[in-house]
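User: Hi! I'm new to this one and would like a friendly tour. Could you show it to me?
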Amino acid sequence: MKHLHMLVAVVTILLYLYQAVPIFTGKKAKRSPVFSGMTHLVYTVLMLTGLWLFWQLYQVAGMQHWAIAKLVLLIVAVSANIKALRNQDLSFSQAKAGMLIAGVAYAGSVFLAVTKPML
């Protein structure tokens, strides 16, 4: 399950980069219904595998605060990503800010996954 979670996490970051590059270059990101559905599927699998791994970790080692922080960062990243894609019609500066926030949240999540600090 850990390998599936890591694979889906890499796919999530690649999807983020695919959506962020056009926005940072000043172009409108193309969103097809198939791509949107795939994004929803990837986020769902990422969340389910992460919660399953958290449950297994909780049974063995108790409450791990870094895992809760990763969950919060994922929610922030997805929310900022959605708002950036919706606001690109209104203002590119808002879309860029949303994508930047999502990028920082993804980077923080990867940092927490690698270091697993005792918070």
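Analyst: Happy to! One term before we start: contact means heavy atoms within 4.5 Å. With that in hand, Y106 touches T12, Y16, Y43, L74, A77, V78 and N81, leaving out residues up to four places away in sequence.

User: Thanks. What sort of model is this, and how are the residues numbered?
Analyst: This is a predicted model, where local features need pLDDT of at least 70, side-chain atom pairs count only at pLDDT 80 or more, and totals for chains, interfaces and linings use all residues. Residues are numbered from 1 along each chain as its sequence is written, and side-chain values use heavy atoms, with hydrogens and water left out.

User: How many helices and strands does the protein chain have?
Analyst: Four helices and zero strands, in the order α-α-α-α along the sequence. Helices (H or I, at least four residues) and strands (E, at least two) are DSSP runs, numbered from the N terminus. The C-alpha atoms fill a box of roughly 45 × 30 × 15 Å, taken along the principal axes.

User: What share of the residues counts as buried?
Analyst: Of the 119 residues in the protein chain, 33% are buried. Buried means under 20% relative accessible area, exposed over 50%, and partly exposed in between (1.4 Å probe, protein chains only).

User: And what is in the largest nonpolar core?
Analyst: That core has 21 residues, and Y16, I23, M99 and Y106 have the most contacts inside it. Helices α1 (2-24), α2 (33-61), α3 (65-87) and α4 each supply at least two of its residues, with α3 giving the most, six residues. A nonpolar core here is a set of buried Ala, Val, Leu, Ile, Met, Phe, Trp, Tyr and Cys residues joined through side-chain atoms within 4.5 Å. In soluble globular proteins, nonpolar side chains tend to be buried together.

User: What about α1?
Analyst: Helix α1 has 23 residues and reaches 32 Å from its first C-alpha to its last, close to the 33 Å expected. Its buried residues include H5, T12, Y16 and I23. Just after α1, G26 takes a positive phi of about 90°.

User: New topic: is T49 buried or exposed?
Analyst: T49, in helix α2, is buried because its relative accessible area is 5%. Its side chain reaches the backbone oxygen of V45 at 2.8 Å and that of L46 at 3.1 Å. Leaving aside neighbours within four places in sequence, T49 is in contact with M1, L4 and H5.

User: Where is Q64 found?
Analyst: Q64 is in the loop between α2 and α3, and Q64 counts as buried because its relative accessible area is 12%. The side chain of Q64 reaches the backbone oxygen of A61 at 3.3 Å. Apart from neighbours within four places in sequence, Q64 is in contact with F54 and L57.

Key:
A polar contact is a pair of N or O atoms within 3.5 Å; within protein, one must be able to donate a hydrogen and the other to accept it, and residues adjacent in sequence count only if both atoms are side-chain atoms. The expected span of a helix is 1.5 Å times one less than its number of residues.
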